[in-house]
Amino acid sequence: MPDSIIAILEQHIASKILKQPNRRIKPDEAIISSGLIDSFSLVDLALFVEDTFNVRMDDSELNAQTFDNLDQLASIIQTRQKKS
Amino acid sequence: MTFSERLQSHLGRTPERVAVYLQHSGQPDLPITYRQLLRGANAYARTFAREKLQPGEVVILILQHGVDLIYSFWGAVLHGAIPSIMPFLTEKLSPERYRADLAALISVTKPAAVVTYPEFEAEVRAALKHGDSVRAVIVTNKLELQADPDFNALAGMNRSENDIVLLQHSSGTTGLQKGVALSHRAIFNQLDAYGQALNLNNGDVIVSWLPLYHDMGLIAGFLLPILSGVPLVLSSPFEWVRAPYKLMQSVSQYKGTLSWLPNFAYNFCAQKIRDRSLEGLDLSSWRAVINCSEPVRWESHQAFYERFKSYGLKLDALQCSYAMAENVFGVTQTDLSRPPKVEEIDREAFMTERVARAPVNGRPAMKMMSSGRPLANTRIRVLDEHGRDVGDGKIGEIALQSDCMLTGYYNRPDATKKAFHDGWYLTGDYGYVSEGEVFVSGRKKDMIIVGGKNVYPQDLESLTYEVPGVHPGRSVAFGIFNDEAGTEDVVIIAEVDSEDSAEQDRIADLIRRHVTKNSAIALRHVKVVGPKWILKTSSGKTARSANKEKFLKELELQG
C-alpha cells in the first residue's frame, strides 16, 4: 500500500509540480529542504493529497519538519487513512 | 513633520488605539496599541543609545515577522538611526550565499549595527570582516527595559524632515544591492498623495501579509497604516503561502477595507482555497484589493472575483496601482469608485509598431488593464529612446517626477546619477498613456518578475555556470508567462557536452538545486540540452528572446 501511495505522489510531483514527467523521485530523497518543491507548490501538494487519499492536511504541517520525503508523507497519509 | 513627531502625536491623542493586530499561525492575534508600540520601540531606542549608535547611522534588521521586527524598526526611528530590513535566511537559500549577500550589503551600506536573534548571531558575525563598519550586533534578548518614552531625551526628535529616515533595498538576487534612501518629507508627501487617491479615512482597516523588506509591504502594509492611525492586521508571506484562506478570514473578522497583492496572488487565492475555509465569511467590507508590483492582468481579477463574489466581494474592489520604491511607493492609482479601465489593443501593432490601438476586423487582440492616473504629486512622461515624448497611445519608457522621490541610492552616487535624465527618473518600465491613464506593458531590460520579485536572468545564468558540466556562456534564463499562475515561470536552458539523457537529467537536477539554493528562486523548467542548441547573436551574445521562442515551440510540439 505505501508503495502505491509513493508512486502516485511521485507521478504527481514529477509531472505537475516539476514539469519533468520522467523525473524519478527516490522515497528517501529530500523534497522540501532541498528546494525541489517550492513553497508555492506546497499548498498544491496538500490539496492533491486531500483529494486523492481522502485525508486532511493542516497548513501548519507543510514544512520539512513534518515531512521531507515521499516515505514520510506516505506514512502520514496511511496512518490517517487507517483512522478514518 | 518627522516620523517621531507623528508617533508622539498618536501616543498623545490615542494611546489605547490598536496600531497593529499581529498574527501568528496557531496563536491568538496580538493587538499592539500605540502606547505598547512606543514602549516596545523605546526599549530598542535605549538599547541603540547604550550601544553608542549615532543618529544618522544605519542599522540592519535581520528578523522574521514578529514584535521584534516592529519594535526595532520604530526604535531605530525614535533614536534617529536609519533602519533597513533585510530578508531573513529561509530554508530555500544556502547559508553561504546569504552570508555573501549580507557581506556585500554591509560593504556598500556601511551599517553601524545589526539586530538579530541570539540563535542567528553567529551567522551574522560570520559575514563581518575586521575593520568593517559594524560596531555592534544587537541580540533580541539583551535589550533595555520597555518604558514610556521620554520624548525630550530621544535623539529621533531632533531629526529634520529632509533627513533620511529609512533604506529600502531592492530585491536583486545577487551582486551589489541598491538601497533606496527616503526622507521623512518624501514619505509623508507620498502618504498624503496616496491616501488622497484612496480616500483613506478613519473607518479603514488594512490587512496585509506582505514582507516588510519589500516596498509594497513596508509602505502600504506598514507605514501607511501606522503613521496614518489606521489599524493594520499583519501576517507574513510564510504563513500566507501555506494558508491563503487566512487573508479572507482576517478581512471578514476585522472588516478589512484595503489590501495590496501582487498579480499572482489573485490566481493563487482563486485556485487554492477550499470552500470549507470560506464558510460564513463576509468580504463585503473590502473596498479595494490593489494589484501592484508585477504586470496586472484582467484575467487574474476575473478569476478572483468569480471565486469570491458569493462571499460578498464587490467587483469595484478590484483595483490597480503602479508603484516603485524610488517614488516611495505609488506612482498611479485607479479610481476606486469603478473597476479599472480595460483596453483591447491590436497584438501585432503593439509588438511591431509599439502602438496601442484597437484591433480591426477581428485581428488578434490583447487586453491591457489600466494602472490608473498619476497621484496628485506625481507627473508622468512616456519617452522614446532619444528622450522625446512619444504622445498618447504610443509605447515608450515611463519617466516620472514628484515631491516624494528618493534622496538617492545610499552610498551609490553613480547609480543615482544614472537613474535620472534632466531631472526625470527613468523607470525602466515600458508603457503608454491613454486618456490620462497609465498602462504598463513591460520592462526595458530582460528582467523576469516572478511572484512580485525581480530577477535578473544574468544572475541565474551565472549560477548555472557554477554547476559542473555546464560551460560558461552556454546557458540562458528567461521567464514565460504562466496564465494559470498569473505570473512568470522561470526557465533555464543549459548546454552540456553529453547527449546522454540520464546524464542530462542528472545535471538538470544539480542546476535546479544549485540555482534555487543561491537565489531562492524556484525554477519551473530546467532543460539540459546537447551542444549547439542555444542560439547566439552574430556578436556571440545569448539572444534570450530567440531562445525563448525556440523553447516555446518545442514545448508546443511536445503537447
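**Helices, strands and loops of chain B**

Analyst: In H2(B), the residues Leu37(B), Gly40(B), Ala41(B), Asn42(B), Ala43(B), Tyr44(B), Ala45(B), Phe48(B) and Ala49(B) meet a set in H3(B) made up of Val67(B), Tyr71(B), Ser72(B), Trp74(B), Gly75(B), Ala76(B), Leu78(B) and His79(B). The model in which this contact is seen is a predicted one. Sorted by class, the residues of the contact between H2(B) and H3(B) come to twelve nonpolar and five polar, with no charged residue. Helix H2 of chain B covers residues 34–50 and helix H3 of chain B covers residues 67–79, and the two pack at an angle of about 60° with their axes 7 Å apart. The crossing in which H2(B) passes H3(B) is right-handed.

Helix H14 of chain B, residues 457–465, and H15(B) have axes that come within 9 Å and cross at roughly 130°, which makes H14(B) oblique to H15(B). H14(B) also passes H15(B) in a right-handed crossing. On the H14(B) side the contact is made by Asp459(B), Leu460(B), Leu463(B) and Thr464(B), while H15(B) brings Ile511(B), His514(B), Val515(B), Asn518(B) and Ser519(B). In the contact of H14(B) with H15(B), four residues are nonpolar, four are polar and one is charged.

Strand S27 of chain B, residues 487–495, runs parallel to S28(B) and is joined to S28(B) by five bridges; Ala494(B) has Val528(B) as its bridge partner in S28(B).

Another strand to look at is S19 of chain B, residues 396–402, which is mostly covered, with six of its seven residues buried. S19(B) runs antiparallel to strand S18 (residues 378–383) of chain B, and six bridges join the two; here Val382(B) stands opposite Ile398(B) in S19(B). S19(B) also runs antiparallel to strand S22 (residues 424–434) of chain B, with four bridges between them, and Glu397(B) stands opposite Tyr430(B) in S22(B).

Asn327(B) sits in the loop between strand S13 (318–323) and strand S14 (330–333) of chain B, and it counts as buried because it has 32 C-beta neighbours inside 10 Å. Beyond its neighbours within four places in sequence, Asn327(B) has contacts with Gln190(B), Thr378(B), Leu400(B), Ser402(B), Cys404(B) and Met405(B). Although 137 residues separate Asn327(B) from Gln190(B) in sequence, their C-alpha atoms are 7.7 Å apart in space.

Helix H9 of chain B, residues 245–254, also has buried residues, namely Lys246(B), Leu247(B), Met248(B), Ser250(B), Val251(B) and Ser252(B). Their cover includes strand S9 (206–208), strand S10 (232–234), helix H8 (237–242) and helix H10 (263–272) of chain B. Just after H9(B) comes Lys255(B), with a positive phi of about 50°.

Asn411(B), which is not a glycine, has a positive phi of about 60° and lies in the loop between strand S20 (408–409) and helix H13 (413–419) of chain B. Glu435(B), also not a glycine, has a positive phi of about 45° and lies in the loop between S22 and strand S23 (437–443) of chain B. Asn411(B) counts as partly exposed because it has 17 C-beta neighbours inside 10 Å, whereas Glu435(B) has 10 and therefore counts as exposed.

Conventions. Residues are numbered from 1 along each chain as its sequence is written. Chains are lettered from A and ligands numbered from 1 in the order in which they are written. This is a predicted model: local features need pLDDT of at least 70, side-chain atom pairs count only at pLDDT 80 or more; totals for chains, interfaces and linings use all residues. A residue is buried if 20 or more other C-beta atoms lie within 10 Å of its own, exposed if 12 or fewer, and partly exposed in between; C-beta atoms are placed from the backbone. Two residues are in contact if their C-beta atoms, placed from the backbone, lie within 7 Å. Two strands pair if DSSP finds at least two bridges between them. Axes are lines fitted to C-alpha atoms, for helices over the stretch in contact, and angles run from 0 to 180 degrees between N-to-C directions. Angles under 35 degrees count as roughly parallel, over 145 as roughly antiparallel, 65 to 115 as roughly perpendicular and the rest as oblique. A crossing is left-handed if the near helix is turned anticlockwise from the far one by less than a right angle, and right-handed if clockwise. Ala, Val, Leu, Ile, Met, Phe, Trp, Tyr, Cys and Pro count as nonpolar, Asp, Glu, Lys and Arg as charged, and the others, Gly among them, as polar.
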